[in-house]
Amino acid sequence: MGGYAFFVWGSYAVALIVVLGNIVTPIMQRKKVIKRIKRTIKRESIELSRSNQGQ
Amino acid sequence: MWNWIQRFSSPKHFYSMSVPLIKWFAIAALVIGLYGLYLGLFVAPTDYKQGDSYRIIFIHVPAAWLAMFIYMVMAVSAGIGIIWRIRLADMVAAASAPIGASFTFLALVTGSLWGKPMWGTYWIWDARLTSMLILLFLYLGYMALQSAIDDQRSADKASGLLAIVGAVNIPIIHYSVEWWNTLHQGASVAKFDAPSIHIDMLIPLLLMAVAFKLFYATMVLVRTRNESLYRDRNRRWVREIVEKL
Amino acid sequence: MLKAFYHLLIRDLRLALRNRHELANPLIFFILVVTLFPLAVMPTPEALQTMAPGVIWVSALLAVLLSLDRIFKQDYEDGSLDQLMLSPNPLVILVLAKVLAHWLLTGLPLVIIAPLLGLFMSLSAEAVEVLVYSLLLGTPVLSLVGAIGVSLTVSVNHGGVLLSLIILPLYIPILIFGANAVDVASSGLPVTGQLLFLSAVLALALSLAPLASSVALRITASR
């Protein structure tokens with residue numbers, strides 16, 4: 001790269017990091033959201049069965 | 001017509017419709033991006049003045065274009081969300097902001113990596129770099145406001161309004177920064193846009209720009225799907241989807 | 001409508017005048033910040049002269065920023081903002097009245113005290129004159145645009161830093177042209193272009209900012 005290797009490859013490396021970060025973040029986010037909703041469903045079903053027993 | 005728009009813009013409908021779109025956008029982004037990289041890194045000739053350092057523009061310029069493009073998408077969809085009360089538009093705006101901020105950051109870093117061999121320092125108060133820095137602040141302000149308001153609806157509307165105000169301001173900011181720059185720097189500073197760019201350099205540049213836009217399209221759909229799951233977390237359609245997973 | 005505008009303006013001015021020393025705070029802050037700079041660098045007249053436009057303009061900007069809360073915050077907390085939004089008068093007019101009151105209480109005093117600070121920073125007489133003009137045209141824009149920010153953050157607790165984060169980037173054009181006008185004037189060149197730009201931005205802000213601000217209030221302040 002004619003003496004500019006650090007700058008050129010540095011730029012492409014940062015670009016790769018930004019692109020990968022953009023891919024990974026929403027995947028993690030999705031897992032978190034689904035986990036949270038599942039927990040809510042579980043809690044609600046427990047509460048529902050308890051209130052049924054109480055009657 | 002109105003019913004049709006309402007139906008197609010419902011998060012539930014979007015959630016199932018977006019799957020093939022994401023797939024095709026991702027494939028297209030990958031193919032075009034790799035081809036653009038190949039042309040840019042191996043085929044395009046070395047510039048007689050800047051040597052190989054100019055190859056940074058294949059990242060820098062598409063990132064800067066994308067950063068501005070995303071802000072406009074954000075402002076337009078925020079406007080649609082406020083005026084026609086389409087929730088999907090609000091979600092698109094909210095999903096765009098982090099992507100836009102990350103590409104603004106990329107444009108800044110690559111700009112300064114290009115600047116070191118060209119200007120001798122990593123940072124110079126060049127008009128474009130300064131505009132990008134201000135754009136980054138606009139994105140950060142949007143995201144801060146979005147997360148500071150508890151009620152989701154008013155958070156969307158308030159930050160959306162801020163995006164619109166920012167979009168009205170961007171031309172003014174851009175013009176004043178450009179004017180301020182010519183005043184202080186003169187024309188001695190080398191700029192990215194050579195008066196006539198060689199066709200072998202222009203083609204990879206345009207390909208990379210298209211690939212970046214497709215990448216954004218993919219990621220904004222993925223993020224909007226997350227948003228719709230989260231915001232409709234108490235509705236039946238989300239419950240049904242989650243239970244199947 | 002004009003009556004409502006007038007009454008609201010008078011009410012805001014009266015309320016502020018009841019609390020005099022709070023009124024003086026932004027002004028004292030402005031003078032204090034400008035005074036800090038000569039202490040931090042070599043106070044030779046030449047160095048001060050080159051810094052002066054930027055220092056005075058940035059200080060004015062921060063002084064206005066710190067006082068912005070005054071436009072809506074208290075009215076939001078004691079509920080009178082809800083009354084304003086329920087009134088049959090167009091909210092845009094009422095917002096304009098409140099912004100005008102804010103400018104009269106903070107922007108105008110800054111303009112009046114500015115020549116003194118120009119003296120501190122050894123600016124020439126021509127530069128001081130232009131400084132006054134540029135502040136006269138620029139500070140109303142700071143109040144107008146700031147009003148949008150305050151309306152957006154009025155329901156946020158401890159929104160001070162947030163307010164500066166969203167408002168300061170929008171202030172940049174005013175800062176550039178305001179400071180540059182003074183800079184150019186001190187080297188004896190004509191500044192019509194800069195002052196015309198500031199006037200154009202003022203006209204734009206005057207027509208759009210109250211509208212945006214009233215929309216923002218309807219979004220955030222309705223309970």
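The contact between chain B and chain C takes 21 residues from chain B and 22 residues from chain C, two residues being in contact if their C-beta atoms, placed from the backbone, lie within 7 Å. On the side of chain B that touches chain C, H6(B) gives the most, with 12 residues. The residues of that side divide into 16 nonpolar, four polar and one charged; Ala, Val, Leu, Ile, Met, Phe, Trp, Tyr, Cys and Pro count as nonpolar, Asp, Glu, Lys and Arg as charged, and the others, Gly among them, as polar. This is a predicted model, in which local features need pLDDT of at least 70 and side-chain atom pairs count only at pLDDT 80 or more, while totals for chains, interfaces and linings use all residues. Residues are numbered from 1 along each chain as its sequence is written, and chains are lettered from A in the order in which they are written.

Of the 155 residues in the largest nonpolar core, Ala67(B), Leu161(B), Ile56(C) and Val145(C) touch the most other members. Such a core is a set of buried Ala, Val, Leu, Ile, Met, Phe, Trp, Tyr and Cys residues joined through C-beta atoms within 7 Å. Beyond its neighbours within four places in sequence, Val145(C) is in contact with Ile167(C), Leu170(C), Tyr171(C), Ala205(C) and Ala209(C).

A buried residue has 20 or more other C-beta atoms within 10 Å of its own.

Technical notes
A residue is buried if 20 or more other C-beta atoms lie within 10 Å of its own, exposed if 12 or fewer, and partly exposed in between; C-beta atoms are placed from the backbone. Helices (H or I, at least four residues) and strands (E, at least two) are DSSP runs, numbered from the N terminus.
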